[in-house]
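I opened the model today and kept short notes as I went. Here they are, in the order I looked things up.

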Amino acid sequence: PFDVLVVGGGPAGASAAIYAARKGIRTGIVADRFGGQVLDTAAIENFISVTHTEGPKLAASLEEHVKEYNIDIMNLQRAKRLEKKDLIEIELENGAVLKSKSVILSTGASWRNIGVPGEAEFRNKGIAYCVHCDGPLFTGKKVAVVGGGNSGIEAAIDLAGYTEHVTVLEFNDQLKADSVLQERLRSLSNVTVVTNAQTKEITGTDVVNGVTYVERETGEEKHIEIAGIFIQIGLVPNTAWLGDSVERNKFGEIIVDNRGATNVPGVFAAGDCTDSPFKQIIISMGSGATASLAAVDYLVRN
Ligand code: FAD
């Protein structure tokens with residue numbers, strides 16, 4: 001069996017695997033797609049000490065770093081079941097069952113798409129999902145935010161600080177964000193909120209130049225010119241496969257303590273799949289290291 005088996009090959013998983021392997025213990029990593037969300041990212045400018053990098057380049061460095069160590073890499077494999085017996089079992093979709101004394105779950109998350117024309121085409125070409133990551137690219141420009149929940153309104157407030165104008169498009173007849181956020185938003189002069197707005201199409205040539213929405217009350221179509229659009233309709237953790245085996249919150253995020261421990265002894269979790277309040281590369285790597293050191297500590301004590 002493995003001493004530490006990591007499930008997920010993004011920044012959290014890579015960090016967890018390296019920290020474990022450096023202790024000289026038997027370490028494995030299973031990943032559906034090594035690199036994770038980083039592969040879908042264009043510019044990265046907040047990975048501290050690296051002024052600018054590109055997603056695919058950082059993903060390649062992650063893999064290169066993992067390969068420096070004696071780590072059993074199982075890429076292009078999906079986990080489909082976790083079961084705690086004497087050892088912890090991870091069953092893969094190909095039918096193989098891996099056994100380990102401890103497991104670190106780092107299966108990340110996926111941004112929910114709206115599913116409209118232009119969305120796939122202009123991804124990373126004006127369509128963005130992460131304000132902390134891509135917001136500053138639109139300094140001085142007009143942008144839109146789709147989604148009036150907490151993340152959408154937080155995004156709009158953030159963007160209003162450095163963009164020319166922000167239009168918030170909310171499908172329902174009112175915003176769902178906390179009232180303090182709504183008040184803060186209303187105090188800003190360069191924000192327009194449109195409720196009852198169904199986003200219909202994201203337009204552009206090489207890059208985004210506008211968004212078309214339908215006013216749901218009148219059925220009328222409107223088009224606004226923007227340089228960027230932030231889709232904020234939810235981040236879904238990749239944890240459905242766990243079922244009831246590990247405790248998750250109402251968003252499906254794995255509940256962890258400050259050592260990355262879950263409710264199941266020997267099972268730890270790190271990164272975007274957990275209930276960590278902020279989802280960033282640097283945070284995922286840090287929590288991967290924490291979970292890994294906690295797993296090693298668990299092995300020593302058991
Ligand atoms: P992920 O990167 O999501 O990796 C999850 C891993 O688990 C993948 O290898 C995946 O294939 C695997 N996996 C999932 N399910 C299974 C399964 N059942 N079995 C096996 N493997 C599985 N953050 C920044 O700090 N700066 C940025 O500039 C930035 N820009 C971003 C731009 C975009 C477009 C996106 C989408 C995100 C961006 N982020 C950015 C956020 C950042 O990418 C994430 O916070 C980070 O990648 C999370 O790391 P993770 O390891 O927790 O999960």
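I began with an open sheet of three strands, in the order E14-E15-E16 and with antiparallel pairing. For my labels, helices (H or I, at least four residues) and strands (E, at least two) are DSSP runs numbered from the N terminus, and two strands pair if DSSP finds at least two bridges between them. At the edges I find strand E14 (197-204) and strand E16 (220-225), each pairing on one side only. Neighbouring strands here are turned by 25° against each other on average, direction ignored; the axes are lines fitted to C-alpha atoms, with angles from 0 to 180 degrees between N-to-C directions.

A note on the source: this is a predicted model, where local features need pLDDT of at least 70 and side-chain atom pairs count only at pLDDT 80 or more, while totals for chains, interfaces and linings use all residues. Residues are numbered from 1 along each chain as its sequence is written.

Back to the sheet: strand E15 (residues 208-215) pairs with E16 in the antiparallel sense over six bridges.

Next I looked at helix H4 (residues 150-160). Eight of its eleven residues are buried, so H4 is largely enclosed by the rest of the structure. I call a residue buried if 20 or more other C-beta atoms lie within 10 Å of its own, exposed if 12 or fewer, and partly exposed in between, with C-beta atoms placed from the backbone. Among the buried residues of H4 are Ile153, Ile157 and Leu159. What covers them? I list, among others, helix H3 (131-134), strand E11 (142-146), strand E12 (165-169) and helix H5 (179-186), counting a contact when C-beta atoms, placed from the backbone, lie within 7 Å.

Four of the five residues of E12 are buried, so E12 is largely enclosed too. E11 and E12 pair in the parallel sense over five bridges, and lysine 142 stands opposite histidine 165 in E12. From E11 the chain crosses through H4 to E12 in a right-handed β-α-β crossover; right-handed means that, with the strands pointing away from the viewer, the path from the first strand over the helix to the second runs clockwise. E12 and E13 run parallel, joined by four bridges, with threonine 167 opposite threonine 192 in E13. The crossover from E12 through H5 to E13 is right-handed.

Last, I noted the domains: domain 1 (2-111 + 235-301) and domain 2 (127-231), with bounds from an automatic or database domain assignment. Their centres, taken over C-alpha atoms, are 33 Å apart.

Conventions:
Two residues are in contact if their C-beta atoms, placed from the backbone, lie within 7 Å.
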